[in-house]
Amino acid sequence: MANGLAQVRLQAVHADEAPAIDDAAARGWPEIPKSVLEAATAPLLERLTTLQDAFHADGRRALLLVLQGRDAAGKDGVIRTVTGAFNPTGVQVSSFGPPTPLELRHDFLWRVHQVVPPRGVIGVFNRSHYEDVLVVRVRGLVPESVWQARYAQINAFEEMLTANGVIIRKCFLHVSRDEQKARLQERLDDPQKNWKFQLGDLDDRARWDDYTAAYDTLLRRCSTPEAPWFVVPSDRKTLRNYLIARMLVETLESLDLRYPPMDPAVREAARDFR
Ligand code: ATP
């Protein structure tokens with residue numbers, strides 16, 4: 001790569017290895033200028049548009065992109081910028097807030113399974129079933145024995161989805177404490193961003209270390225070759241977007257996508273078409 005970005009790519013977290021989720025991991029590659037990242041991201045987004053068209057037509061698999069991160073980590077920004085490259089017809093974005101009373105009467109994966117994308121469609125999860133081992137663990141919303149059992153249940157669920165044609169990629173948008181502070185401050189100061197600020201954000205920020213521990217566990221226990229986790233350095237939006245766009249391009253390019261050939265009967269019937 002002439003632009004020096006060959007090594008600038010996401011690496012899947014290896015199961016049972018402690019992933020780096022410190023401040024340096026949130027910065028990533030600070031030496032790469034913004035202009036270089038932007039110039040490299042534009043063609044990736046164009047490529048994503050083309051690849052999604054083929055993915056949709058091919059229709060043999062679904063793709064599920066899971067986005068997790070602390071408040072203001074940039075989940076909305078990724079949805080706008082990176083998945084914005086896709087034709088909306090073939091994309092389904094699902095956001096997971098606090099469960100409703102009905103959802104709480106079901107198992108924790110019930111609401112998730114219903115919105116797993118069908119074949120041909122790219123699904124994006126803005127938060128996900130991983131909240132059930134994050135906020136639920138940190139705030140003690142269920143007994144420890146219940147959330148502890150969920151790592152294996154999540155792995156079994158994702159394994160079942162993968163075996164049924166769903167390609168899963170999971171991104172932890174990792175911001176540093178200082179960067180989160182700056183972004184939350186902006187939400188307090190900017191009238192157009194005030195609405196995004198919630199008291200719960202301060203509460204969660206105060207539990208920073210507990211969330212770090214919870215992320216550390218899920219990254220180690222739920223990153224599998226078929227459904228890998230990636231720690232995305234997210235202090236810089238341009239780097240974050242580049243890395244996720246590149247990972248998605250590489251994922252889609254690995255799939256041997258094919259446009260279905262025309263049915264011979266249709267071709268025959270259309271022989272005299274003018
Ligand atoms: P975001 O912060 O994701 O941009 P938001 O602030 O608009 O979104 P909602 O979408 O209403 O808020 O909900 C997000 C909140 O829901 C988060 O605080 C998250 O921890 C919480 N949440 C998500 N899943 C669960 C769950 N299974 N149990 C409890 N709380 C959950």
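Okay, Asp256: partly exposed, because its relative accessibility is 48%, and by that label I mean the range between buried, under 20% relative accessible area, and exposed, over 50%, with a 1.4 Å probe and protein chains only. Its partner is Arg258, and the two form a salt bridge with the closest N and O atoms 3.4 Å apart. Arg258 also counts as partly exposed, at 46% relative accessibility. For a salt bridge I ask for a side-chain nitrogen of Lys or Arg within 4 Å of a carboxyl oxygen of Asp or Glu.

Before I go on, a word on what we're looking at. This is a predicted model, so local features need pLDDT of at least 70 and side-chain atom pairs count only at pLDDT 80 or more, while totals for chains, interfaces and linings use all residues. Residues are numbered from 1 along each chain as its sequence is written, and side-chain values use heavy atoms, with hydrogens and water left out.

Back to the charges. How many salt bridges does that rule give? The count comes to 19. One of them pairs Arg9 with Glu250, 2.7 Å from N to O. That one links distant parts of the chain: Arg9 is in the segment before helix 1 (23-27), Glu250 is in helix 11 (residues 237-253), and they are 241 residues apart. Helices and strands here are DSSP runs, H or I of at least four residues for helices and E of at least two for strands, numbered from the N terminus.

Next, Asp203, which sits in helix 9 (residues 199-206). Asp203 is partly exposed, with a relative accessible area of 36%. It forms a salt bridge with Arg207, closest N and O atoms 3.7 Å apart, and Arg207 is partly exposed at 27%. The Asp203 side chain also makes a polar contact of 3.1 Å with the side chain of Arg139. A polar contact is a pair of N or O atoms within 3.5 Å; within protein, one must be able to donate a hydrogen and the other to accept it, and residues adjacent in sequence count only if both atoms are side-chain atoms.

Is His129 buried or exposed? Buried, because its relative accessibility is 1%. You'll find His129 in the loop between strand 3 (122-126) and helix 6 (135-138). Its side chain and that of Glu158 are joined by a polar contact of 2.9 Å.

Last stop, the ligand. Which residues come closest? Pro98, Arg111, Arg127, Glu131 and Asp132, out of 14 that surround it, where near means a heavy atom within 4 Å. Let me go through some polar atoms. Arg111 has a polar side-chain atom 3.2 Å from a nitrogen atom of the ligand. Glu131 puts one 3.0 Å from a ligand oxygen. For Gln198, a side-chain N or O atom is 3.5 Å from an oxygen atom of the ligand. On its own the ligand has 640 Å² of accessible area, and the protein covers 72% of that, by the Shrake-Rupley method with a 1.4 Å probe.
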